[in-house]
Amino acid sequence: MAGKPIGVGIVGTGRISDLHAIEYGRNPDANIVALCDRDSGAAEARAAAWGCADAAILDDMDALLARDDVDLVEILLPHHLHLDAAIKAVEAGKAVSLQKPMCLSMDEADRLVEVAAASKRPFKVFENFIFYPPVLKARELVDADAIGTPLSIRIKSNPGKSATAWEVPAAANAWRQQKAHSGGGPLVFDDGHHKFALAWHFMGNPEAVHAFIGRTETASGSVLDAPSIVSFRFSGGRIGNLEVVYSPELEIITRHYAQDDRVEITGTKGVIWINCGHGRLGDPPPVALYRDGQITTWHDLATGWEESFVLSTRHYIDVLTNGGRPVLTADEGRQVLRFALAAEESAQTGKPVEFGPREAA
């Protein structure tokens, strides 16, 4: 695709599309040329807000895929629509960025991995947390042996309330309450993809997963899969966990979702803390390192959640323009999905899920 801006078609113009569009709108190597949504009014409003009023507005994905000016399709649909939409886009010869989680089951994931492998265009499962600047800094420190060999990872996901959070349409919450559409709960399965991706990013694939997934009804009547705890065992006796707690009266500082995310990575020589994510509690240093009796902190890192979307999208544009491999590939997306599905399975059976040789490789 080198030599001309990449023509981007966005399928699904819900709340999250605002963050996906940022880098496409300002990167000289990309241009949003078409928006597709069953609600054409929503697509028109997004086009105006993003400064791409000349983009084609469509209500049929097939019409978007038939356009010669669309090189890349960004798929931002409910989870149960991912598989069919992604396959159609690949078969139309488009590069594909597919919203996480890639699909609902391992059978679907295996099929999508096979289709993506046969494509001539790079296929990306969109994951932004591993591109979040504090996470990038933590990974830089780990790679520089700042804490020695990582031995454990602890991830805390803490939804609460916020006077400054963005408005999420009721329809976006409604389909997430239907397991046939979402694949699992909104916190452990849907948002949990980010957390499982972090564990995978720093520790690799797990050998076993054990989960307790709770249930809490909110004041609005929706159901959250919290309080929950998911434990992981990795090769070499390394461990980790994800803890999800809903604190309805906890004020979160955010411009996006009312949620705080915290990560602690312990190694043989030290400890790294990542102190923010969707939002934050107070004004802690985004990253802190304990090593040799000393605490070092980093305050000059971008912490807006949108930065992770910008950097993830920028990386994919660079791959399409200059070559390379996207993050996540279809196979990597499959690995993270297996992680999430194992937590759901363990919670249902009350037993740990042991991974086979392929999944733990």
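Modeller: The charged end of Arg338 sits over the ring of Phe355, at 4.9 Å from the ring centre. For that call, NZ of Lys or CZ of Arg must be within 6 Å of the ring centre and within 35 degrees of the ring normal. The model is predicted, so local features need pLDDT of at least 70 and side-chain atom pairs count only at pLDDT 80 or more, while totals for chains, interfaces and linings use all residues. Residues are numbered from 1 along each chain as its sequence is written, and side-chain values use heavy atoms, with hydrogens and water left out.

Next, ring against ring. Rings of Phe, Tyr and Trp (its six-membered ring) pair if their centres lie within 6.5 Å; planes under 30 degrees apart are stacked, over 60 edge-to-face, and the rest tilted. That rule gives ten aromatic pairs. One of them joins Phe196 and Phe232, edge-to-face, with 6.3 Å between centres and 65° between planes. This pair links distant parts of the chain: Phe196 is in helix H10 (residues 192-203), Phe232 is in strand E11 (residues 228-233), and they are 36 residues apart. Helices (H or I, at least four residues) and strands (E, at least two) are DSSP runs, numbered from the N terminus. Phe196 is buried at 0% relative accessibility. Phe232 is buried too, at 4%. Buried means under 20% relative accessible area, exposed over 50%, and partly exposed in between (1.4 Å probe, protein chains only).

Ring pairs also build a cluster. Its members are Phe126, Phe129, Tyr132, Trp166, Tyr257, Trp305 and Phe309.

Now the backbone. Most peptide bonds are trans, and most residues other than glycine have a negative phi. Pro227 lies in the loop between strand E10 (223-224) and E11. E11 is also the strand that holds Phe232. Leu328 belongs to the loop between helix H11 (306-322) and helix H12 (330-349).

Positive phi comes next. Asp145 is not a glycine, yet its phi is positive, about 70°. Asp145 is in the loop between helix H6 (133-143) and strand E7 (150-159). With a relative accessible area of 34%, Asp145 is partly exposed. Asp292, not a glycine either, has a positive phi of about 55°. The loop between strand E15 (287-291) and strand E16 (294-298) holds Asp292. Asp292 is exposed, with a relative accessible area of 63%.
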